[in-house]
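Here is a short report for someone meeting this structure for the first time. Keep the sequence and the 3D view open while reading.

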Amino acid sequence: MALDRQTAVHLAGKTMAAMEIAQLEIETDTASVPTSVNVHCAGTWTVRGVAPIEQRLVALVSTDAGEYVFDASAISALDTAGAWLLHRTIHELKQRGADVRTSGLRPEFSSLLQLIASRAEMVEPVAPVKAGLLAGIGQQAWRGLLGFSGMLAFIGESAIALLRSLVQPRRIRWRPILHNLQTAGFEALPITGLLSFLMGVVIAYQGADQLRRFGANIFIADLVGLSMLRELSPLLTAIIIAGRSGSAYAAQIGTMKISEEIDALRTIGIVPQELLVQPKIIALVIALPLLTVYADVAGVLGGMLMANSMLDISYGVFLDRLEEALSLSSFLTGVIKAPVFAVIIALVGCFQGFQVSGSADSVGRQTTVSVVQSIFLVIVADALFSIIFNWLDL
Amino acid sequence: MQQPLEPGTVVDIRDLHTRYGKAVVHENVSLAVRPGEIFSLVGGSGCGKSTLLRAIIMLLRPVSGSIRVFGQEVIGLSDEHALPLRRRWGVMFERGALFSSLTVAENVAMVLREHTQLGAVLIDEVVALKIALTGLPADAGAKYPSELSGGMRKRAALARAIALDPELLFLDEPTAGLDPLSASGIDELVKSLRDVLGLTIMMVTHDLDLLWRTADRVAVLDKGHILGIGSMTELSRLEHPLVREYFHGPRGRAAREQAWKKK
C-alpha cells in the first residue's frame, strides 16, 4: 500500500513539481451562527504544498461552529508535514469541544496520520533560552575570569613541561621543532622582508621632507636606523607572525581537539603540551629574533634606497653615518624583545586552540581571539619594554 | 545486458566507471533500484560502496557510464538543474555531518527554511515531529551535536535527512558504531519509514542484522564489480567464495537465525 503513493507521485513526474499545491475549500451553512462546517481538502498536502493553506487552517480553528466534517477524499499526496497540519487542526478543534469527523482518507494516508498522532505527545518545539542583561554581564565576566585562570594554568603547565625537558633533554622533540622553524620562520622570510623594506621606505619618505627643511639630510640614517632597529622591526615581525603562525596554532590545535586527537594523544601517553606546544614555543623563540634581524636589514635597505633617491645621499655616506648613529645597545634593545614576543604569540595561539570546544564555529572564534589577543599583548609588552629601557637609560 | 528502462525505476546505474586518481574504483557497475524498496550495498571495506553513493548524489564525477535518478541523468548535471532533484532525496552521512554550530532542531529547520514557505511556528512543529519520529527525546532538539552520543547523532542526522519528506533516502552506514539496542531501533525506524512514508531507501551497510531484517534486495560489491544482486535469501545461495564467507561466516549465520526468529 505504501507503493501507491510512491508510484502516484512518480508517474505524475515532472508536472508534479510545478503544481504541487494543497487546496482547501471551507463550506459554512447559511445560519447566522454557523453550526456545521464542511472542509474539503484536496491537492498535495506536502511540505512544499501546504504553505498557502496554513493560515486558513489556523483561522478555521478560531471559528466556533459545533461540528466540522473533513472530506479528505481528494487529497492526492500526504507527507508528514501535511499530516501534521491536519492532525494539529483536528486536535485543536476537538480540544475546544467541537465535533470533528474525517471521511474519505485513503488507508495509507490514515496510517500515516495515526503514526503522527502517536508521536504527537512527544512534539514540543524547543524555545531558545535567552539570558537577561544582568545575567549576560555576569556570564561574560565569569567566562573572562575562567579564561584568565585557564591561561595562568596553561602558562604554568607549559613552564613545567619546559623544565622537565631541560632536565631530560631526551624528551625534547627535535623534528616538530625543525618543522616549526621551517613553517613559522623560513617560510615567513618573504613577507617579513617585503613589509619591513616598505616600512623603511615609508619612514625615509616621511622623514626626508622634514629633514631637508633643516638641512639635516644626513640624519635620515639615524631616523631610519634607530626607529627600525629599536621599535619597528621587532614589532612588525611579531605582528606578522601573530597573524601568520599564531592563528595557525590555534586552528590546528582546535581542530585536533574537536576530532578528539588531543584525547588520543593523552591515552597513548604523550603529553599534548610536549608534542604540540613546546616545539612551537622553542621554534618561535629561535625564529623570531632571526626574523627581526632580517627585518632590520630589509628596513634599513629600504630607507637607504629612499635616502639615495630623494636626498641624494650616497650608499657609502649613509652607511658611514649609520655606523655612528647606531650602538650595539640600540640593536640589542630591539632584538631582545623578540623572544618575549615569541613566547607570547606561541602561548596565546596554543592556549586558544585548547579552548576550542564542540563546533566549527568555535575554531573560528578562538582563532580570531588568538590573533587579537597576541597582537594586543605584544604591544603591551613593547610598551613595558620602553618604560624599562627608559629607567635603565638605554 | 542493455535492457530498456523499467518504468518507475528510482535509481538506474549503467556501466559505471569511477576512478580516484589512478585507482579504479568501479568497473561496469549496473544496478536498478525500484520504487518503494529498501536496497542495500554490501561488501568489504574499500570496495567502493560509499563511492558509489557519492557518485549518485553528485559529490563525485564518474569517468563514464550513466546514473539516472527519477529518470534524470545526474552525471554532468548543472547545479541549477540538480536542485529540484536534490530536494527529492535526503542523505544521511556516515558520521552524521550535522552542522556543529547549530542545534539539532536548527539543523533540521535549516532545510525547511531553505526550501519551503512554511510559517515559523509550523516549521518548529514539523522539526519537533521529525525529531520525535526518529525516536529522539524532545529535549535533544535544543542540544548541539557535540553534546549528543553517537547513536543520538545518527538519529539527528536521519531527522535532517527526512526533513523535506524525500521520496528517496540514502543512508551511509546507518548503524555503524551503535550499540545493538540502538541499532535495532534503527532497523525498525528504516522499516517504518518505508512502510508509512512510502520511501525508497538505498543504503550502504555492513550490518548483517539490518540486512536480514530490512533489505528487500542487496548488491554485493567486490573490487569494483558487482558479484550479485538479489534478496538476502537468494544471495545466500550464491557460490562465490566471498559471498559465501560473508553470509555463512559465524556472524552471518547468527544474524540470519535472529532474523528467522523475528519473523
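Predicted model: local features only at pLDDT ≥ 70, side-chain atom pairs only at ≥ 80, totals over all residues.

Residues are numbered from 1 along each chain as its sequence is written, and chains are lettered from A and ligands numbered from 1 in the order in which they are written.

## Chain A overall

Chain A holds 14 helices and four strands. Helices (H or I, at least four residues) and strands (E, at least two) are DSSP runs, numbered from the N terminus. The radius of gyration of chain A is 36 Å, well over the 21 Å that the globule rule gives for 394 residues, so chain A is more spread out than a compact globule. That radius is taken over C-alpha atoms, and the globule rule is 2.2 Å times the number of residues to the power 0.38. The C-alpha trace of chain A spans about 110 × 60 × 50 Å along its principal axes.

Of the 394 residues of chain A, 36% count as buried. A residue is buried if 20 or more other C-beta atoms lie within 10 Å of its own, exposed if 12 or fewer, and partly exposed in between; the C-beta atoms are placed from the backbone. Among contacts in chain A between residues at least 6 apart in sequence, 84% join residues at least 24 apart.

## A helix pair in chain A

Two packed helices are described by the angle between their axes and the distance between the axes. The axes of helix 7 (residues 189-213) and helix 8 (residues 220-258) of chain A come within 10 Å and cross at roughly 145 degrees. Axes are lines fitted to C-alpha atoms, for helices over the stretch in contact, and angles run from 0 to 180 degrees between N-to-C directions. Helix 7 of chain A passes helix 8 of chain A in a right-handed crossing. A crossing is right-handed if the near helix is turned clockwise from the far one by less than a right angle, and left-handed if anticlockwise.

On the helix 7 side of chain A, the residues that meet helix 8 include A:Ile191, A:Leu195 and A:Met199. Among those on the helix 8 side are A:Leu223, A:Met228 and A:Leu236. The residues of this contact divide into 14 nonpolar, seven polar and no charged. Here Ala, Val, Leu, Ile, Met, Phe, Trp, Tyr, Cys and Pro count as nonpolar, Asp, Glu, Lys and Arg as charged, and the others, Gly among them, as polar.

A:Ala238 is also found in helix 8 of chain A. A:Ala238 is buried, with 30 other C-beta atoms within 10 Å. Leaving aside neighbours within four places in sequence, A:Ala238 is in contact with A:Leu288, A:Phe341, A:Ile345 and A:Val378.

## Sheets and strand pairs

Chain A has an open sheet of four strands in the order 1-2-3-4, with mixed pairing. Its edge strands are strand 1 (22-28) and strand 4 (99-103) of chain A. The twist averages 15 degrees from one strand to the next.

Chain B has an open sheet of four strands in the order 2-1-4-5, with antiparallel pairing. Strand 2 (23-33) and strand 5 (72-73) of chain B stand at the edges, each with a single partner strand, so one side of each is left without a neighbour in the sheet. Helix 1 (residues 49-56) of chain B packs on this sheet, touching strand 1, strand 2 and strand 4 (64-69) of chain B.

Strand 3 (residues 38-42) of chain B is mostly covered: five of its five residues are buried. B:Ile38, B:Ser40 and B:Val42 point one way, and B:Phe39 and B:Leu41 the other way.

Two strands pair if DSSP finds at least two bridges between them. The table lists some pairs.

| Strand pair | Sense | Bridges |
|---|---|---|
| Strands 3 and 4 of chain A | parallel | five bridges |
| Strands 1 and 2 of chain B | antiparallel | seven bridges |
| Strands 3 and 8 of chain B | parallel | four bridges |
| Strands 3 and 9 of chain B | parallel | four bridges |

## Where the chains meet

The contact takes 34 residues from chain B and 33 residues from chain A. The largest share of the chain B side, nine residues, comes from helix 4 of chain B. The residues of that side divide into 17 nonpolar, 11 polar and six charged.

Methods
Contact = placed C-beta atoms within 7 Å.
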